[in-house]
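Student: I have a structure open and want to learn how to read its features. Where do we start?

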Protein chains: 2
Amino acid sequence: MQYSSRYLEELIEHLSRLPTIGKKTAQRLAFYLLRCDEQEALDLSRAIHRIRQEVGTCERCGNIAETQPCYLCSDVRREAGILCVVEQPGDVVAVEKSGAFRGHYHVLRGALSPLDGVGPDDLRIRELYQRVQDEDVREVILATNPTAQGEATAHFLHQNLVDRGVQVTRIARGVPVGADLELSDQVTLARALEGRKEM
Amino acid sequence: MQYSSRYLEELIEHLSRLPTIGKKTAQRLAFYLLRCDEQEALDLSRAIHRIRQEVGTCERCGNIAETQPCYLCSDVRREAGILCVVEQPGDVVAVEKSGAFRGHYHVLRGALSPLDGVGPDDLRIRELYQRVQDEDVREVILATNPTAQGEATAHFLHQNLVDRGVQVTRIARGVPVGADLELSDQVTLARALEGRKEM
């Protein structure tokens, strides 16, 4: 036994499975959790438990939700007829933070990835088509990630959505604001040039 | 509300209180905990809960323990009469990993820090004196951190222990193995020169 407590060893083991947390950080976090205010540690334990036991998925948009539909879907001040399609719930947070979108969301819960065995039926794509039809959607903004999988998903959705008579747009890919052109990769720069606009 | 779930918001809040975890990483971890295998998340929750509810302190050495005394204190193969004094339980792990010590430990659970209101009575110092007397200790190795607080604690303990007729040693401070002299700070280099030994 490397640690003087089996439970400590198990906690370090569980913590080190989290993304961005290596063995060293896991050990540091575990010792912190041992030393910190007891309520703080128990609160964290309960928060993790609760998020898996009491948080569900909005049946309409696929975002995480505690109510049906979620608070974004039921917000009547949001613009109807325009859907922003993203891969994961975290992407909704990112788009919301930008403050540039006031319509509704549709969370696919992933991206097409044939190599990983993820096909159209594994994503919330059928639900998207249904919403486009039912909610009288006039524009679908494809905001999947600018990665191979995200682009493939956007292409697939574009092909299938245009036939349904809806306008399909894709978020711009270009040099990020504040970045240095010299340090931009060639694919991003090529996209930025292709996507240039009249000033 | 920034997130679509109050519970998610609370989890991110709790995670971001952990050391080395900023708001961005906390969000990433929270979304991971939402997405990962449910058992994995619940196991982590239970491991955190358990470490505060079922792991205690060894009454003898002050290390974290599930038994009284802890497995290190009750290990008869370890050398008696030699105590390694450290600040925190994590330091025991570090010394154990070095494989260079086979005696017993004494965990102070902190270091003297008058500015933070931490005096001798706030640490397990009285217990140390008692052990030196009861366990017929011949050497005390002071392995507190090479920081201002750790050095102050070592000085304080040295003054009080020599009167009790015990040999008191301090771990060597010098250039770390594998380091570059050019990049060593001046205090460390001065210590390394002071602490030089015949080859």
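Tutor: The structure holds four cavities of 30 Å³ or more. This is a predicted model, where local features need pLDDT of at least 70, side-chain atom pairs count only at pLDDT 80 or more, and totals for chains, interfaces and linings use all residues. Residues are numbered from 1 along each chain as its sequence is written, chains are lettered from A and ligands numbered from 1 in the order in which they are written, and side-chain values use heavy atoms, with hydrogens and water left out.

Student: What volume does the largest cavity have, and which residues line it?

Tutor: Rolling a probe the size of a water molecule over the atoms shows where empty space is left. Here, on a 1 Å grid over the protein atoms alone, a cavity is a set of points where a 1.4 Å probe fits but cannot get out; lining residues have an atom within 4 Å of a point. The largest cavity has about 60 Å³. Its lining is A:Ile64, A:Gln88, A:Pro89, A:Gly90, A:Arg109, B:Phe31, B:Leu34 and B:Arg35. H2(B) gives the largest share, three residues.

Student: Which residues lie nearest the centre of the largest pocket?

Tutor: A pocket is an open set of points with protein on both sides within 12 Å along at least five of seven lines. The largest pocket holds about 760 Å³. It has 28 lining residues, with B:Gly90, B:Asp91, B:Ala94, B:Val95 and B:Asn145 nearest its centre.

Student: Which residues of the largest nonpolar core touch the most other members?

Tutor: In soluble globular proteins, nonpolar side chains tend to be buried together. A nonpolar core is a set of buried Ala, Val, Leu, Ile, Met, Phe, Trp, Tyr and Cys residues joined through side-chain atoms within 4.5 Å; buried means under 20% relative accessible area with a 1.4 Å probe, protein chains only. This core has 48 residues, and A:Leu8, A:Leu11, A:Leu15, B:Leu8, B:Leu11 and B:Leu15 touch the most other members. Beyond four places in sequence, B:Leu11 has contacts (heavy atoms within 4.5 Å) that include A:Leu44, A:Ile48 and B:Leu33.

Student: What is the strand order in the open sheet?

Tutor: Strands of a sheet pair through backbone hydrogen bonds, either parallel or antiparallel. Strands are DSSP runs of E, at least two residues, numbered from the N terminus; two pair if DSSP finds at least two bridges between them. The order is S4-S3-S5-S6 in chain A, with parallel pairing. S4 (104-107) and S6 (167-170) of chain A are the edges. Four bridges join S3 to S5 in chain A, and A:Ile82 stands opposite A:Glu139.

How values were computed:
Buried means under 20% relative accessible area, exposed over 50%, partly exposed in between (1.4 Å probe, protein chains only). Grid points are joined across faces, edges and corners, and a volume is the space filled by probe spheres set on the points.
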